[in-house]
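Let's take a walk through a protein model together, one step at a time. Keep the picture in view as you read, and look for each part as it comes up.

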Amino acid sequence: MVGLNEDAPPPLDAAPSLDVLMGDLRLHANFRSEFLTTQRDVLVYLPPGYRCDDGRRYPVLYLHDGQNLFDGNTSFIPGKDWRVNQTAQTLIEAGEIAPLIIVGIYNAGGERIDEYTPTRDARFKMGGKAARYGRMIVEELKPFIDANYRTLEGAPHTGLGGSSLGGLVTLYLGLKYPSVFSHLALVSPSVWWDGKTILREVDALRSKPAQRIWMDMGTDEGPQSLQGARLLRDALVAKGWTLDSDLKYFEADGAKHDEHAWAQRVAPILKYLFPSGGQ
């Protein structure tokens, strides 16, 4: 069976017992895939009102590096998580964004680089399993989430996002599956990977998909990273995206390449991709 180790889904009320967590979080442990060798946990944030069970369905945002999103105890830098649940909860309750489900996909540790990159980089002698990772999300995880939660299943209601290599794989998979994902968050994307191969992916587009893209970079992430982000911005514009319309580009003054900096951008990302009342 693809998915969880158990024959049936785990209880939907399973969640980390941490007082710091805000909102309704459901843990699905050891999700397994036919396309990847390593199991991983999946953590699902549910918006206020979900428990009412009134039949309402919600848009979904899938985010990579799930252990860094909700809990400082599991994040790469201890104590420094993105605070995605706290931020989403506050914005939803204030009516500033549409209520949505957020799915945090844990990375696979030592296999993260391979899974988050579309090509093998000869310099590092690794990479190139992003297509398999994408099949796991599209063919296994998304159907599981749609079957177990009240989701709006179509591309107009589905987003994908991540930082660093997670930003790289977000754009790669977004362009590969435009009929699945129409909202993309490219947070400090690693444009540099394999000689900026993602620029060639954009250049190869025959037509612009109907997607809304957020892209950012901190000004203190290094000149090469900043240059790469600007090149990617310009490549997207050349393919038909319009700045401040369906493409938002933001340079965070003084921001570094870390979870603390990315946590500061969660609110504007959510407001742009999932505004209250829709686009």
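This is a predicted model: local features need pLDDT of at least 70, side-chain atom pairs count only at pLDDT 80 or more; totals for chains, interfaces and linings use all residues.

What holds strands together in a sheet? Strands of a sheet pair through backbone hydrogen bonds, either parallel or antiparallel.

Now find strand E7 (residues 158-163). Strand E3 (residues 60-63) pairs with E7 in the parallel sense over 4 bridges, and here Val 60 stands opposite Thr 158. E7 is also joined to strand E8 (residues 183-187) by 5 bridges, and these two strands run parallel. Look for Leu 160, whose bridge partner in E8 is Leu 184. To get from E7 to E8, the chain crosses through helix H4 (residues 165-176), and this β-α-β crossover is right-handed.

Is E7 buried or exposed? Buried means under 20% relative accessible area, and 6 of the 6 residues of E7 are buried, so the strand is largely enclosed by the rest of the structure. Both faces are covered: Thr 158, Leu 160 and Gly 162 are buried on one side, and Gly 159, Gly 161 and Ser 163 on the other.

Step back to E3 for a moment. E3 also pairs with strand E4 (residues 101-105) in the parallel sense, again over 4 bridges, with Leu 63 opposite Gly 104.

Next, visit the loop between helix H3 (130-148) and E7, where you will find Thr 151. Its relative accessibility is 1%, so Thr 151 counts as buried. Which residues does Thr 151 contact, leaving aside its neighbours within four places in sequence? They are Arg 57, Tyr 58, Val 60, Ile 101, Ile 145 and Asp 146.

Our last stop is a pair of helices. The axes of helix H1 (residues 84-93) and helix H8 (residues 266-273) come within 10 Å and cross at roughly 50°, which means that H1 is oblique to H8. The crossing is right-handed. Where they meet, H1 brings Val 84, Thr 87, Ala 88 and Leu 91, while H8 brings Val 266, Ala 267, Leu 270 and Lys 271.

Conventions:
Residues are numbered from 1 along each chain as its sequence is written. Side-chain values use heavy atoms; hydrogens and water are left out. Buried means under 20% relative accessible area, exposed over 50%, partly exposed in between (1.4 Å probe, protein chains only). Two strands pair if DSSP finds at least two bridges between them. A crossover is right-handed if, with the strands pointing away from the viewer, the path from the first strand over the helix to the second runs clockwise. Axes are lines fitted to C-alpha atoms, for helices over the stretch in contact, and angles run from 0 to 180 degrees between N-to-C directions. Angles under 35 degrees count as roughly parallel, over 145 as roughly antiparallel, 65 to 115 as roughly perpendicular and the rest as oblique. A crossing is left-handed if the near helix is turned anticlockwise from the far one by less than a right angle, and right-handed if clockwise. Contact means heavy atoms within 4.5 Å.
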